[in-house]
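Here are my notes for your first look at this one. Have the sequence and the model open side by side as you read.

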Amino acid sequence: MTRLVVGPFNRVEGDLEITLDVDDGVIAAARVNAPLFRGFEQILVGRPPADALAVVPRICGICSVGQSAAAASALADAMGLQATPNGLLARQLIQATENLADHLSHFYLFFMPDFARPAYAGRPWYDAVARRFAAVKGSAAADVLPARANFLKLMGFLAGKWPHTLALQPGGSTRAPTSAERIRVLALLRDFRSFVETVVLGDDLENFATLDSADGLAAWADGRTGDFPAFLATAADLGLDRIGRGSDRFLAYGAYGLFPAGLWQAGGASTPLDPGAISEDTRHAWLAAGKPRHPAVGETVVDADNPDGYTWCKAPRYDGTVAEVGALARQAVAGHPLARDMIERHGASVSARVVARLLELASVLPAMEGWVKAMVPGEAFCAHASLPDECQGAGLVEAARGSLGHWLSVRRGRIDRYQIIAPTTWNFSPRDAADRPGPLEQALVGLPAGPNAPPTVQHVVRSFDPCMVCTVH
Amino acid sequence: MLRILWLQSGGCGGCTQSLLGSEPRSLFAELQGAGIEFVWHPSFSQASDGEARAILEACAGGAQPFDVLCVEGAMLRGPGGSGKFHLMAGDGRPLTDWVERLARRARWVFAIGSCSAFGGFSASTPGNPLEACGLQYDNDEAGGLLGADFRSAAGLPVVNIAGCPAHPGWVVDTLEKLALEGLTASDLDDFRRPLLYAEQLVHHGCPRNEYYEFKASAQKPSDLGCLMENLGCKGTQAHADCNIRPWNGAGSCLRGGYACISCTEPGFEAPGHPFQETPKVAGIPMGLPTDMPKAWFVALAALSKSATPKRVRDNAVADHAVIRPAIKKTGLK
């Protein structure tokens, strides 16, 4: 048995290190370390509650809107305030823009460049994939970065800027687009749809979104021109639909009114979400030990010398069990037949996670067009209320990478406690007090590692689209 | 070629995400065209794990030459001066050690964003338990990780491209100016921010200008009026060209309907008042416009409030224009 320490991982958001116990070239155990501590929960304590709207986006540069939305929801919950219908539509558009832009960035900038590694020279697809997807130098960047920048112009109209907007408020949004701006936002959506259909998918969004099985996906991809079909051919050659299985329990908080909240496991039906079943365990973090706590009463106390610690990340559990979050979880909980079929065949896999992100691009973009049209000019974009001096609230939203929760307590008009569980906290969780490994720690077991091993670990890690800066908020 | 080595530490990565939105061309094509390339960037480069560590070691040891060290995120010196709040993955040494070693080799050192410039949010917890600071500033005091006397090989202090996040244009323009004609101390302001964006005020080009003129103020979030009197806007004091150089096509904080929180200034993260409320003394905002004498401000505000047209007054407290500008029927003079 040898021990390997792998890191830094490029092309993940933030800092990641993984310790692998390798037996005869095969991973026997993995421990995931988030080696950077941010301390945002402490930064928030003592501040005026509404300041959370300015502070929390700065947790994460890639899911800053997700953090804003969770804070706005937690404050709204504490006030008993409902956002206006227009405000809700604006918020959904802002969140969806970030989430879909993140899916695109992940595919092109973070995930695909690994297939341009020299280790794959000689595979039949290698030359074309390396020309297209090599980091920085590949031809895809020239297409995808301008498309991403143009899509993010929705933020210029609806949220002022990205990242780090203050437009999302408990009662809706600060920005009512004019009627001219609504037309221009629709034009931007058409432009982005055209990019996804011609360059990414090689098909209409609606056609792709209705694929309902792994076999159907393979038949659809066969001979098709497009960057995503090119990935599917690569993945088929490397068997990526069979590796990367985690806990195979999937959690989602629900998004946009399109995808429901709940928990799903292969072979069963989705069960409704019980927010009371969420807890966090600090046994293997560099934090003060204690019993697992619900985040509404959670604590984050640094203990850099905890002898059992190997990361700054807590171990979130749902009903005491490990759960995976993200686009695949959202689609599995929502019952998308393609997502479920892929999981039921080989469990959550590298391919399934990538496919689920593309399914979201294909199904959310048309919904966004509908939300813009549904805005009622002249109606309010923001409702208003005051926050009681003593109150509590929770905000549960879906960021691009999965379920994001904020739990807030206010005393004497100031933030008394603020706890956050980010998506990658779930996925890159360390072991808990019962020594149950987190989803990535499970997904790496059995894979090749060590000198001369193919870069399989890199694919599995990035298939989760980790956001480490959120993890260690 | 101007070669960039980029590191991230106690920050959110948002300056890199913002940078990727550089327009009109792809960031990579634009930089390459201007003679700029990355030796290594944590979010862009192929190299990972041992390959990445080898590049960093070669840069620190002098075997791999590079020109500009760009650092994003605060320097975390805690706990207890150990730097353990951020150890380099796969290496185990504090990031602060790496930055100190690499800064000695760099011809220029750029702080990308307010965290690496001044400390930012990481430094704002009371008592600063993270022991966070900027590269060469601790809030508004010179010092920070590298010390007040630090000069990079080209003779400049750390260049602070402050902002939360930095606008992609601020970073790209500064790099391209350096590649084109160099950078001197006279190109920087007192906080060593490039004048190419910091010689403006956020107020310049503000789309709410008419409301400002008449002190027709917003009362609540989403109102169209001026955000200075009630909702915490510091655009008349903050140095940046946000309303001249648009964000994400057509945006800015003011265009988005919310206050400028002066994110390019040291200490913006702990303003001592709620971000979205204007601190006042005797009903007068404490933070008056830069260069404006208080007596004149008060006198003009009183006069302009009484001169406010009904259109401006009513629109200021609505989220869309409820009264349109009148159409003059006699031809415009």
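1. Start with the pairing at A:Ala394, whose bridge partner in strand 11 of chain A is A:Trp407. Strand 10 (residues 391-399) and strand 11 of chain A run antiparallel and are joined by nine bridges. They make a hairpin, with two residues between the strands. Strands here are DSSP runs of E with at least two residues, helices are runs of H or I with at least four, and both are numbered from the N terminus. Two strands count as paired if DSSP finds at least two bridges between them.

2. A word on the ground rules: this is a predicted model, where local features need pLDDT of at least 70 and side-chain atom pairs count only at pLDDT 80 or more, while totals for chains, interfaces and linings use all residues. Residues are numbered from 1 along each chain as its sequence is written, chains are lettered from A and ligands numbered from 1 in the order in which they are written, and side-chain values use heavy atoms, with hydrogens and water left out.

3. Strand 11 of chain A also pairs on with strand 12 (residues 414-421), antiparallel, through seven bridges. One of the pairings sets A:Arg411 against A:Arg414 in strand 12 of chain A. This hairpin has two residues between its strands as well, and A:Arg412 takes a positive phi near 50°. How enclosed is strand 11 (residues 402-411) of chain A? Largely, because nine of its 10 residues are buried. Buried means under 20% relative accessible area, exposed means over 50%, and partly exposed is in between (1.4 Å probe, protein chains only).

4. Now look at helix 17 (residues 456-463) of chain A: eight of its eight residues are buried, so the rest of the structure largely encloses it. Among the buried residues are A:Gln458, A:His459 and A:Arg462. What do they pack against? In chain A, the partners are strand 2 (17-23), strand 3 (26-33), helix 4 (85-111), helix 14 (350-374) and helix 16 (439-444), where contact means heavy atoms within 4.5 Å. After helix 17 of chain A comes A:Asp465, with a positive phi near 50°.

5. Two of those packing partners, strand 2 and strand 3 of chain A, are themselves antiparallel and joined by seven bridges. A:Asp21 sits opposite A:Ala29 of strand 3. Two residues lie between the strands of this hairpin, and A:Asp24 in the turn has a positive phi of about 55°.

6. A:Ala277 counts as buried because its relative accessibility is 15%. Leaving aside residues up to four places away in sequence, A:Ala277 touches A:Arg317, A:Tyr318, A:Asp319 and A:Gly320.

7. On cysteines: how many disulfides does the structure hold? Zero, over all chains, taking a disulfide as a pair of cysteine sulfur atoms within 2.5 Å. The sulfur of B:Cys206 has its closest cysteine sulfur 6.5 Å away, in B:Cys233, which is too far for a bond. B:Cys206 is buried, at 12% relative accessibility, and A:Cys313 is buried too, at 1%.

8. Last, over in chain B, B:Leu303 belongs to helix 9 (residues 294-306). At 57% relative accessibility, B:Leu303 counts as exposed.
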